[in-house]
Amino acid sequence: MDNYILYGITIILLFISYFNDKKKTKQALKKSWKSFENILPQFLGVIMLMGIVLAALNPETVSKLIGNSSGWIGIIVCAIIGAITLIPGFVAFPMAAMLLQNGAGYMQIGAFVSSLMMVGVVTMPLEIKYFGKKLTIWRNSLAFIFSFVVAFVIGKVVGGI
Amino acid sequence: MKDIKGLLKRYQFFLVTIVIVAIVALVNRSLGLKALGIAGYSFKEMALVIPPVFVLLGLLDVWVPREIMMRYMGEGSGLKGIILAIIIGSAAAGPLYGAFPVAAVFMKKGVKFSNILIFIGAWSTTKIPMFLFELSALGVPFAVTRLLVDIPGIIIIAYALQLVISKDEIDEIYKKAESL
C-alpha cells in the first residue's frame with residue numbers, strides 16, 4: 001500500500017518535471033543513478049549481514065532469551081537484541097505484544113522496541129558512509145542509552161512499577 | 001586491471017559477507033540457506049522501495065533551490081526548522097537506512113546539521129505509519145508514552161551529538177555529501 005503511494009507520487013512528479021524541463025529531468029535522473037550506484041556496495045553488504053543476523057536471531061530465539069528474564073539484566077539483553085536485529089515494524093510490534101502476553105515486562109519491551117528502531121548495528125557500514133565513523137558510533141551509543149530512559153518511563157507509566 | 005581492483009575494493013564488504021554466509025552454510029546448511037533466503041527477501045523489499053526514493057531525491061536535488069531549503073531548515077531557521085525536520089522524518093516510510101541518502105541531499109541544500117540529526121531521529125522512531133501500528137499492537141498508553149519521551153529525546157540526542165563533534169568534522173561530512 002505504502003509502495004503504491006510512493007510509486008504514484010514519484011511517477012506524477014517525474015511527469016510534471018519532464019513536461020516542464022526535459023534537460024533538468026534528465027539531470028535529476030542522472031543524479032539519482034549516481035547516488036544509488038555510489039551506495040550500492042554497502043547496501044548489498046548490509047542485506048547479506050541482515051540475512052545472517054536474522055537467521056540466527058529469529059522471533060522464537062528472541063522470545064526464549066527474554067521471555068522469562070526480568071529486571072535490569074532482562075532490559076539490557078532486550079536492548080542489545082534490539083540494537084543488533086533489524087526487524088520490520090509490522091513483525092516487531094506483534095512480536096512485542098506476544099512477548100508481553102508471555103510474561104515479559106513493559107520495561108523490557110520498551111527497551112527492545114526503542115533500541116530496535118533507533119540503533120542499527122547491522123546498518124552501521126551504510127551510516128558510516130554518509131556520516132563518518134565518529135558520528136555513527138556516537139549516535140548509536142546515545143540512542144542505545146536513550147532506550148533505557150524510554151524503558152524506565154514506560155515501565156513507570158504503563159507498567160505502574 | 002585497475003578497474004577490477006577498484007571494483008573489488010568497493011565491493012570488499014559485500015564479498016566478505018558472501019564468504020561469511022558460505023562458511024555458515026558449510027557448517028550449518030539449513031542456517032546458511034535461511035540466511036540466504038532472508039537476504040533475498042530483504043533484497044526484494046529494497047528493490048521495491050529504493051528506485052522511487054532515489055528518483056525523488058534526484059528531483060528534489062534539481063528542482064528545490066538551495067535558498068528555500070536554507071530558509072526553512074538552515075541556520076537561523078529556529079523552531080520552524082526543528083518542527084519541519086520532525087514532520088518530514090515522521091511522514092517517511094521505510095527503514096532507517098532510507099534516511100541516509102535523504103540526509104545527504106539535505107546537506108547539499110544547506111540544511112542545518114542539528115536539523116538533519118533531528119530528521120534522522122524522527123525517521124528512526126516517530127514514523128506515523130509505524131506509530132499507528134504500534135497503537136494497535138501494544139496499546140495507547142505504551143505508544144503514546146513512547147512518542148512523548150521520544151520527541152524530546154530525539155532533539156536532546158541531536159544537540160548532544162553536535163557537542164561531541166567539531167565544526168571541522170561537520171564540514172568534512174558536508175563536503176563528503178557533495179560527492180555522494
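This is a predicted model: local features need pLDDT of at least 70, side-chain atom pairs count only at pLDDT 80 or more; totals for chains, interfaces and linings use all residues.
Q: Let's start with chain B. How many helices and strands does chain B have?
A: Chain B has 10 helices and 0 strands. Read along the sequence, the pattern is α-α-α-α-α-α-α-α-α-α.

Q: What box do the C-alpha atoms of chain B fill?
A: Roughly 55 × 50 × 35 Å, taken along the principal axes.

Q: And what share of chain B counts as buried?
A: Of its 180 residues, 47% count as buried.

Q: What about contacts in chain B between residues at least 6 apart in sequence? How many join residues at least 24 apart?
A: That share is 72%.

Q: Which domains does chain B get?
A: The domain assignment gives domain 1, residues 1-51, and domain 2, residues 64-179. Their C-alpha centres lie 30 Å apart.

Q: Let's zoom in on one helix. Which residues of H8 in chain B are buried?
A: H8(B) covers residues 128-138, and B:Met130, B:Phe131, B:Glu134 and B:Leu138 are buried there.

Q: Where do they sit around the axis of H8(B)?
A: They cover an arc of only 100° around the axis, so they are on the same side of H8(B).

Q: Why would residues a few places apart point the same way?
A: An α-helix has 3.6 residues a turn, so residues three or four places apart point the same way.

Q: Then what is on the other side of H8(B)?
A: B:Leu132 and B:Ser136 are there, and both are exposed.

Q: What comes just after H8(B)?
A: B:Gly139 does, and B:Gly139 takes a positive phi of about 95°.

Q: Which residues lie nearest the centre of the largest cavity?
A: A:Ser35, B:Pro101, B:Val105, B:Lys108 and B:Leu180 do, out of 13 lining residues.

Q: Which helices each supply at least two residues of that lining?
A: From chain A, helix H2 (22-56) does. From chain B, helix H3 (29-63) and helix H6 (99-108) do.

Q: What classes of residue line the largest cavity?
A: There are 7 nonpolar, 3 polar and 3 charged residues.

Q: Which helices each give at least two residues to the lining of the second largest cavity?
A: Helix H7 (124-157) of chain A does, along with helix H7 (113-125) and helix H9 (140-164) of chain B. By class, this lining has 8 nonpolar, 2 polar and 1 charged residues.

Q: What about pockets? What volume does the second largest pocket have?
A: The second largest pocket has about 260 Å³. Of its 16 lining residues, B:Glu75, B:Val111, B:Lys167, B:Ile170 and B:Tyr174 are closest to its centre.

Q: Which helix gives the most to the lining of the second largest pocket?
A: H10(B) does, with 6 residues. Helix H4 (66-73) and H6 of chain B each supply at least two.

Q: What classes make up the lining of that second largest pocket?
A: The lining divides into 6 nonpolar, 2 polar and 8 charged residues.

Q: Over to chain A. Where is the place of A:Ser32?
A: A:Ser32 is in helix H2 of chain A.

Q: Is A:Ser32 buried or exposed?
A: A:Ser32 is buried, with a relative accessible area of 5%. The cut-off for buried is under 20%.

Q: What is A:Ser32 in contact with, leaving aside neighbours within four places in sequence?
A: A:Ser32 is in contact with B:Phe54, B:Val55 and B:Gly58.

Q: One more residue. Which helix does A:Ile128 lie in?
A: A:Ile128 lies in helix H7 of chain A. A:Ile128 is partly exposed, with a relative accessible area of 27%.

Q: What does A:Ile128 touch, not counting residues up to four places away in sequence?
A: A:Ile128 touches A:Lys133, A:Thr136 and B:Lys176.

Q: And how are A:Ile128 and A:Gln42 placed?
A: They are 86 residues apart along the chain, and their C-alpha atoms are separated by 9.9 Å.

Definitions and conventions. Residues are numbered from 1 along each chain as its sequence is written. Chains are lettered from A and ligands numbered from 1 in the order in which they are written. Side-chain values use heavy atoms; hydrogens and water are left out. Domain bounds come from an automatic or database domain assignment. On a 1 Å grid over the protein atoms alone, a cavity is a set of points where a 1.4 Å probe fits but cannot get out, and a pocket is an open set with protein on both sides within 12 Å along at least five of seven lines; lining residues have an atom within 4 Å of a point. Helices (H or I, at least four residues) and strands (E, at least two) are DSSP runs, numbered from the N terminus. Ala, Val, Leu, Ile, Met, Phe, Trp, Tyr, Cys and Pro count as nonpolar, Asp, Glu, Lys and Arg as charged, and the others, Gly among them, as polar. Grid points are joined across faces, edges and corners, and a volume is the space filled by probe spheres set on the points. Buried means under 20% relative accessible area, exposed over 50%, partly exposed in between (1.4 Å probe, protein chains only). The arc is that of the directions from the helix axis to the C-beta atoms. Contact means heavy atoms within 4.5 Å.
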